[in-house]
Amino acid sequence: MNDAARDDSLRLAQPADAHSQAEWEAATAAVLRKGGRLTADDADSLVWDKLTRTSLDGLRIAPLGLPDTSFADAARPTRAGAWDIRSLVSGLSGVDAKAANEAALVDLDGGVSSLWVAADETTDLAVLLDKVLLDLAPIVLDAPIGAVKVAQNLLALIAERGAGLHAATNLGADPMGALLRDLPLAPDEAFAELVDLARLAQGIGVRAIVVDATAAHDLGASDVQELGWSVAVGVAYLRALTEAGFSPAVAASLIEFRYAATDEQFPTIAKLRAARQLWTRVLELSGAEGVEMRIHAVSSRPMLSKYDPYVNMLRGTVAAFAAGVGGADAVTVLPFDSANGVPDGFGRRIARNVSHLLIDESHVAAVADPAGGSFAVEQLTADMAAAGWEAFIELEEEWTGANAVGGHDFSPFRDRIAAVSAEREKAIARRRRPITGLTEFPNLAETLPERPVDPLNERVVRYGASFEAMRDTPATTKVFLATIGTVAQHTARATFATNLLAAGGIGVEIAGATADAEELAGKYRATGSPPVVCLAGSDKAYAEWGAAAIAALRKAGATHVIIAGKPDAVDAEVDDAASMGVDALAFLTATREKLA
């Protein structure tokens with residue numbers, strides 16, 4: 001079959017359904033003109049600028065992908081079939097090992113295929129892994145402090161049982177991740193332990209190292225920063241192992257990578273594909289071609305909200321979908337109540353069932369690379385890989401001349417993470433990055449699930465943490481919502497103001513339908529005359545008697561008057577205003593101060 005015939009055989013649309021880029025631009029421009037985002041004189045091609053958004057990394061994400069022949073095959077996932085469903089079990093100090101064991105056994109009975117075990121030197125692995133068939137269920141250790149001791153405890157356990165370990169088991173060494181998290185670790189000793197664990201793992205046929213990029217993600221890093229960190233750390237570990245006598249191929253085979261999957265599905269898919277492309281290039285340059293990269297994706301801990309935690313089920317589902325489509329070999333969905341503390345059995349069941357639904361019912365794993373051929377994803381992958389390589393080179397240059405991990409200065413990288421985190425929080429504060437249940441549609445009457453404190457939540461910069469802090473200590477005085485006019489006239493702005501104030505832990509007393517300033521003032525006095533009032537009504541109602549309403553409210557005792565809308569919507573002086581795009585965090589902080 002010639003190329004022309006092959007191309008024709010792959011066409012999925014009839015000739016009448018094929019359209020040019022110019023036609024798409026014209027149709028899209030017509031929609032934008034109806035919405036006032038384009039004028040009649042604007043060129044149709046301006047739709048690209050109007051609809052293209054920029055990521056925190058400065059990458060332009062277009063609304064539509066266009067054909068390109070330069071996409072790299074190295075980005076394509078190699079996993080065939082279902083991914084490994086991995087659950088997180090904590091045996092850290094202060095956690096009941098028996099309860100953790102019961103949770104692990106329930107997970108395994110429920111279809112989990114491997115365990116990610118957070119441990120330290122105090123962890124009783126004999127209790128934690130009781131009745132776990134270690135030759136059938138891979139164990140991935142996560143022991144930033146005392147990694148060698150924990151690994152030795154695991155080996156002593158299998159020696160006592162007279163059994164072996166599954167080949168996908170990983171002893172979990174990651175000293176640079178621990179140092180980035182600012183854990184108490186002696187750098188030189190940690191790198192020496194890394195080599196010892198590698199030799200130990202090679203001798204028993206398991207992996208030794210996890211390059212845990214969530215160490216950067218949990219501090220607020222962007223996708224590109226996460227990629228750059230993972231590649232730089234992976235290269236550092238390759239150097240350490242080859243200097244200790246390992247061949248590049250053997251060293252690479254001992255390493256597994258861990259990335260965060262967020263509810264931004266396309267960036268997550270592109271990140272995992274870009275990671276594969278970058279590591280393939282590293283292995284080519286290192287003389288270790290052919291060693292497959294193993295990726296473990298875990299749903300983002302920073303994206304989980306403590307408030308309205310049930311929304312986290314949706315976030316986790318999107319993250320797991322993106323991880324599976326991106327080609328992750330193993331996927332962990334953190335239980336929806338993880339931000340509230342140690343998850344309970346219901347949260348764990350929902351978490352593991354997310355992967356089962358995606359694999360067994362949605363058949364997401366039936367295709368090796370579902371995103372392959374999507375020009376939008378391919379372009380985002382290419383852009384993210386290029387930016388990730390630059391981030392890697394930047395770290396390499398900062399670490400040049402370091403003979404051991406102790407010579408690596410993480411301060412510039414931490415500063416860059418802090419800058420990205422501040423930019424993200426700025427967008428959250430202005431609600432350009434909404435968090436459902438926290439910054440949008442908050443429920444002040446909700447009762448949070450009570451969970452024991454989880455050490456794994458430490459050193460995590462959760463998105464919208466400033467809003468959570470306000471919700472943790474709700475205002476004791478309510479704002480009087482001075483609704484002007486009929487219900488139909490004030491509902492839109494009253495709803496907006498109520499939700500905005502609730503995001504800061506501030507309740508409202510609603511006046512309801514009012515006909516004039518005197519009636520409004522009477523309802524205000526009936527609520528006890530709180531110091532802060534917020535006007536909510538239509539522009540027409542503001543123009544008709546908004547000024548009279550403000551005068552009456554001030555006379556009745558109001559000391560701080562807010563208007564829902566633009567401050568010039570009423571012909572009277574107001575103390576503050578709230579409309580779309582307002583810095584919600586600053587507005588709520590100021591309002592709470594006036595209520596105090």
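I started with Leu-535 and looked up its bridge partner in β14: that partner is Ile-563. I keep in mind that this is a predicted model.

Next I checked the strands around this pair. β13 covers residues 532–536 and β14 covers residues 560–564. I find them paired in the parallel sense, over four bridges.

Then I traced the sheet. I count five strands in an open sheet, with parallel pairing. I noted the order as β12-β11-β13-β14-β15. Which strands sit at the edges? I get β12 (508–510) and β15 (576–578), each pairing on one side only. From one strand to the next, I read an average twist of 25 degrees.

I went on to the helices that pack on the sheet. I looked at α18, residues 487–503, and found it touching β11 (479–483), β12, β13, β14 and β15. Its direction makes about 165 degrees with that of β11. I then took α20, residues 539–556. I see α20 packing on the sheet through β11, β13 and β14. Against β13, the direction of α20 makes about 170 degrees.

Last, I turned to a helix pair. I looked up α13 (residues 312–325) and α14 (residues 345–361). Their axes come within 10 Å and cross at roughly 35 degrees. I logged the crossing as right-handed. Which residues meet there? From α13 I list Met-313, Gly-316, Thr-317, Ala-320 and Phe-321. From α14 I list Phe-346, Ile-350, Val-354 and Leu-358. I sorted the residues of this contact into seven nonpolar and two polar, with no charged ones.

Notes. Residues are numbered from 1 along each chain as its sequence is written. This is a predicted model: local features need pLDDT of at least 70, side-chain atom pairs count only at pLDDT 80 or more; totals for chains, interfaces and linings use all residues. Side-chain values use heavy atoms; hydrogens and water are left out. Axes are lines fitted to C-alpha atoms, for helices over the stretch in contact, and angles run from 0 to 180 degrees between N-to-C directions. Helices (H or I, at least four residues) and strands (E, at least two) are DSSP runs, numbered from the N terminus. A crossing is left-handed if the near helix is turned anticlockwise from the far one by less than a right angle, and right-handed if clockwise. Contact means heavy atoms within 4.5 Å. Ala, Val, Leu, Ile, Met, Phe, Trp, Tyr, Cys and Pro count as nonpolar, Asp, Glu, Lys and Arg as charged, and the others, Gly among them, as polar. Two strands pair if DSSP finds at least two bridges between them.
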